[in-house]
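User: I would like a close look at one part of this model, and then at what else has been worked out for it. Please keep it brisk.

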Amino acid sequence: MKQSYNYNHQIHQSQRIAFAALFLLLLPIFLPNLFAPLGRASPSLFSEWNAPKPRHLPLLEVALHRKTPIKQQSNLWSPLPNQGWKPCIDSSNIQSLPEKSQGYIQVFLDGGLNQQRMGICDAIAVAKILNATLVIPHLELNPVWQDSSSFTDIFDVDHFINVLRDEVSTVKELPKEYCWSTREYYATGIRATRIKMAPVHASANWYLENVLPVLQSYGIAAISPFSHRLAFDKLPMKIQRLRCKVNFQALVFVPQIRSIGETLVHRLRYPSGKLQASGTEVLPGRIDDTKKEGAGKFVVLHLRFDKDMAAHSSCDFGGGRAEKLALAKYRQVLWQRRVLNSQFTDNELRNQGRCPLTPEEIGLLLAALGFNNNTRLYLASHKVYGGEARISMLRKLFPLMEDKKSLCSEKELAEVEGKASLLAAVDYYVSLQSDIFISASPGNMHNALLGHRAYLNLKTIRPNMLLLGPLFLNKSMEWSEFQHAVINGHKNRQGQMRLRKENQSIYTYPAPDCLCLA
């Protein structure tokens with residue numbers, strides 16, 4: 001009897017072990033995020049469970065109970081004074097278009113929203129240089145977020161064509177005789193009408209010598225790749241001013257994006273007020289509603305801390321050995337060791353200002369600058385590496401922090417949900433309306449808004465990475481010393497006009513090409 005019991009017990013135990021093994025084998029299939037340390041769009045759940053502890057606890061303990069003097073608050077939130085510059089896009093001296101176009105130009109733009117935005121501006125400039133007709137640019141499928149949004153999904157195409165109608169001929173699609181010229185056509189072989197070798201920052205003469213003959217022979221030329229394919233220097237001023245006109249006047253988001261953006265801005269300014277109906281009129285600039293009775297102020301933080309950036313930086317973010325190994329493996333898969341930073345230690349990278357600010361560190365920076373715990377802070381970001389666990393300390397410092405999902409219902413966001421370019425466009429719109437904008441790390445969004453807000457003379461804080469790296473390495477520094485260093489190191493980094501230098505982007509530094517002395 002006892003032998004029979006032991007036998008049955010062994011069978012049941014074997015079955016339990018088999019079921020447990022089967023469960024473990026199937027778990028990655030049904031819950032892939034648990035076992036996705038290389039997942040690009042979002043962190044694994046394990047990375048959130050093993051979230052790092054605060055790395056600057058002494059500073060955090062003081063910052064959580066900070067009191068900001070009224071004078072410091074007033075100085076921080078005061079708008080920029082007139083700096084003596086004004087937009088100089090003059091439409092009165094535009095020459096009429098030549099009667100005959102040299103042909104059709106197509107461009108295929110990769111990258112994210114803001115890289116594509118710059119490519120669109122350059123495409124109009126190239127069409128002007130060649131006296132060609134531009135076909136509305138094709139936006140490539142984003143390989144990171146798998147977003148297939150088109151130009152007409154993001155930008156108001158009729159407004160775009162209308163604003164530029166006297167300077168560049170633009171069409172929504174090719175005429176029937178050129179219907180064969182598609183993205184698929186160029187992907188399946190070598191084609192005489194494709195310009196594949198356009199150098200980065202090519203001159204106007206390069207296009208005249210290499211693309212114009214193709215236009216004259218075939219009536220059409222397709223340029224791909226096209227990102228960053230036009231120089232910023234040694235171009236006629238009329239071409240530079242045209243690029244400014246495209247960026248600051250012609251590129252306006254579609255009504256649905258503007259409507260969501262206006263709703264978000266209103267809820268940030270009037271957190272307890274009733275919603276106003278969002279308008280759909282074309283607003284290329286900014287809504288100045290800060291003087292309305294009861295309007296509150298808000299700051300936008302663009303928190304660029306995704307897994308790509310964390311891995312590529314080669315910095316240590318406090319996640320321990322497991323995080324270091326996961327990011328190193330991710331780096332190997334994506335860039336095959338072609339990462340310059342990986343040859344330096346974490347301390348060397350931080351002393352050089354080459355490590356992106358973590359949510360904890362950007363929170364300490366904002367607190368030191370004088371933003372108190374009543375600050376209305378809008379978080380503009382797609383995915384944060386480490387998820388909610390990573391931004392928990394930032395939320396403690398700024399309990400009134402909001403984002404799209406906290407301010408809008410699922411129904412209100414239904415048209416843009418899951419579409420990274422449309423979500424980025426909403427964030428761009430809100431960022432342009434904010435009283436203050438700050439980006440945790442440089443990038444295309446940072447650069448685009450830095451230029452657009454400079455064009456509109458709006459306050460934008462640029463983190464001093466060379467200062468902050470060594471400050472955060474100093475574990476014995478007290479709050480008063482840290483705050484003093486931060487305030488002094490950012491006095492001249494709050495929107496003061498900086499003139500564009502050679503090789504710098506006209507879209508990041510609009511003076512003196514887009515702005516003239518008043």
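At what angle do helix α22 and helix α23 pack, and how far apart are their axes?

Analyst: This is a predicted model. Start with the helix pair you ask about.

Helix α22 covers residues 465–473, and helix α23 covers residues 479–489. They pack at an angle of about 175°. Their axes lie 10 Å apart. Angles over 145 degrees count as roughly antiparallel, so α22 is roughly antiparallel to α23.

Now the side of each helix that faces the other. From α22 come Leu467, Leu468, Leu471 and Phe472. They meet Phe482, Ala485, Val486 and Gly489 of α23. By class, this contact has 7 nonpolar residues, 1 polar residue and no charged ones.

A second helix pair can be read in the same way. Two packed helices are described by the angle between their axes and the distance between the axes. Helix α5 spans residues 113–130, and helix α21 spans residues 444–455. Their axes come within 8 Å and cross at roughly 55°. That angle makes α5 and α21 oblique to each other. Their crossing is left-handed. On the α5 side, the contact uses Asn114, Gln115, Arg117 and Met118. On the α21 side, it uses Asn444, Met445, Ala448 and His452. The residues of this contact divide into 3 nonpolar, 4 polar and 1 charged.

Helix α5 also has a part in a pocket. Both α5 and α11 (237–250) supply at least two residues each to the lining of the second largest pocket. The largest share of that lining, 6 residues, comes from α11. The pocket has a volume of about 540 Å³. By class, the lining has 11 nonpolar, 7 polar and 8 charged residues.

The largest cavity has a volume of about 140 Å³. Its lining includes Leu450, Ala454, Leu458, Thr460 and Arg462.

How values were computed: Residues numbered from 1 in each chain as written. Predicted model: local features only at pLDDT ≥ 70, side-chain atom pairs only at ≥ 80, totals over all residues. Heavy atoms only, no water. Axes fitted to C-alpha atoms, helices over the stretch in contact; angles between N-to-C directions. Helix = DSSP H or I, 4+ residues; strand = E, 2+ residues; numbered from the N terminus. Parallel < 35°, antiparallel > 145°, perpendicular 65-115°, else oblique. Left-handed = near helix turned anticlockwise from the far one by under 90°. Contact = heavy atoms within 4.5 Å. Nonpolar A, V, L, I, M, F, W, Y, C, P; charged D, E, K, R; others polar. 1 Å grid on protein atoms, 1.4 Å probe; cavity = no way out; pocket = protein on both sides within 12 Å on 5 of 7 lines; lining within 4 Å. Points joined across faces, edges and corners; volume = space filled by probe spheres on them.
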